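Student: I would like to go through this model with you, one region at a time. Could we begin with a helix and then turn to the loops?

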Amino acid sequence: MKLLEDRIRRDGTVKPGNVLKVDAFLNHQCDVALFDAMGAEWARLFAGKRVDKIVTIEASGIGIACIAARHFGNVPVVFAKKTQSINLDGDQYVSSIYSFTKQREYPVIVAKRFLSTGEHVLLIDDFLANGNALHGLIDICNHAGAVIEGIGIAIEKGFQDGGRKIREAGYDIRSLAIVTAMDARTGTVDFARSEPTD
Ligand code: 5GP
């Protein structure tokens, strides 16, 4: 998606350790018009799929998922939580994942009453790197018996192998920008070719 790629080139910064910082528009300050265009693009890419619910993970997935939901008939958005709390009552699906940015293990929790057997879901997240966060969400959906119709990612780091592994497992992943290389010294970011209809 050219709009997102251009924005990454303009306002993203490359940090040492293969970290792309996009906090100026995606995961700290939020450009809502950009989110809306991203939601429209996912709706186009997943047209014809049954989506009863969008499932994402806190915190950065929530904004993009909620705006995307406006393009999928205002379906509910459920976000997995990463910490236990007394407000999280009732039965839960719990999985455990390793965080690339925080470099530690943490739980992924969804209350059972918000994810049901036979529900068709779209997973959305801001980044796909090694695929750990997505594995946690997929695990929870599988435990719930929900049907994963597709996975919408804002930025996939194509040089890490999460996307390849999850596609090989049969999931339909649509990433709006696929970074093929980035350089912290020069600040350059290269992308895989966008879909021609962009
Ligand atoms: P994965 O679990 O696929 O390795 O990484 C996905 C998660 O790690 C995302 O939810 C995102 O929060 C974070 N992440 C991975 N790589 C980057 C990056 O380069 N920049 C930022 N800002 N977050 C990242």
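Student: What covers the buried residues of α2?

Tutor: This is a predicted model. In it, the cover over the buried residues of α2 includes the helices α1 (2-11) and α3 (60-69), together with the strands β7 (120-128), β8 (147-157) and β9 (173-182).

Student: And which residues of α2 are buried?

Tutor: They are Leu-34, Phe-35, Met-38, Gly-39, Glu-41, Trp-42, Ala-43 and Leu-45.

Student: Why do residues three or four places apart point the same way in an α-helix?

Tutor: An α-helix has 3.6 residues a turn, so residues with that spacing face the same way. In α2, Leu-34, Met-38 and Trp-42 are among the buried residues.

Student: How many residues does α2 have, and what is its reach?

Tutor: α2 covers residues 32-45, which is 14 residues. From first C-alpha to last, α2 reaches 20 Å, close to the expected 20 Å.

Student: What is found at the start of α2?

Tutor: There, the backbone nitrogen of Ala-33 has a side-chain oxygen of Asp-31 within 3.1 Å.

Student: Changing topic: where is Glu-119, and is it buried or exposed?

Tutor: Glu-119 sits in the loop between β6 (104-111) and β7. Glu-119 counts as buried because its relative accessibility is 16%, and the cut-off for buried is under 20%.

Student: Which backbone nitrogen does the side chain of Glu-119 reach?

Tutor: That of Ser-116, at 2.9 Å.

Student: And what does Glu-119 touch, not counting residues up to four places away in sequence?

Tutor: With those set aside, Glu-119 is in contact with Asp-52, Lys-53, Phe-114, Ala-146 and Val-147.

Student: Now the backbone. Which peptide bond is cis?

Tutor: The bond from Glu-58 to Ala-59 is cis, and its omega is near 0°. Ala-59 belongs to the loop between β3 (53-57) and α3.

Student: What about phi at Asn-18 and Asn-74?

Tutor: Neither residue is a glycine, yet phi is positive at both: about 60° for Asn-18 and about 55° for Asn-74. Most residues other than glycine have a negative phi.

Student: Where do these two asparagines lie?

Tutor: Asn-18 is in the loop between β1 (13-15) and β2 (19-21), while Asn-74 is in the loop between α3 and β4 (77-80).

Student: How does accessibility class Asn-18 and Asn-74?

Tutor: Asn-18 counts as partly exposed because its relative accessibility is 34%. Asn-74 is also partly exposed, with a relative accessible area of 48%.

How values were computed. Residues numbered from 1 in each chain as written. Predicted model: local features only at pLDDT ≥ 70, side-chain atom pairs only at ≥ 80, totals over all residues. Heavy atoms only, no water. Helix = DSSP H or I, 4+ residues; strand = E, 2+ residues; numbered from the N terminus. Expected span 1.5 Å × (residues − 1). Buried < 20%, exposed > 50% of the residue type's maximum accessible area, 1.4 Å probe, protein only. Contact = heavy atoms within 4.5 Å. Polar contact = N/O pair within 3.5 Å; in protein donor to acceptor, adjacent residues only side chain to side chain.
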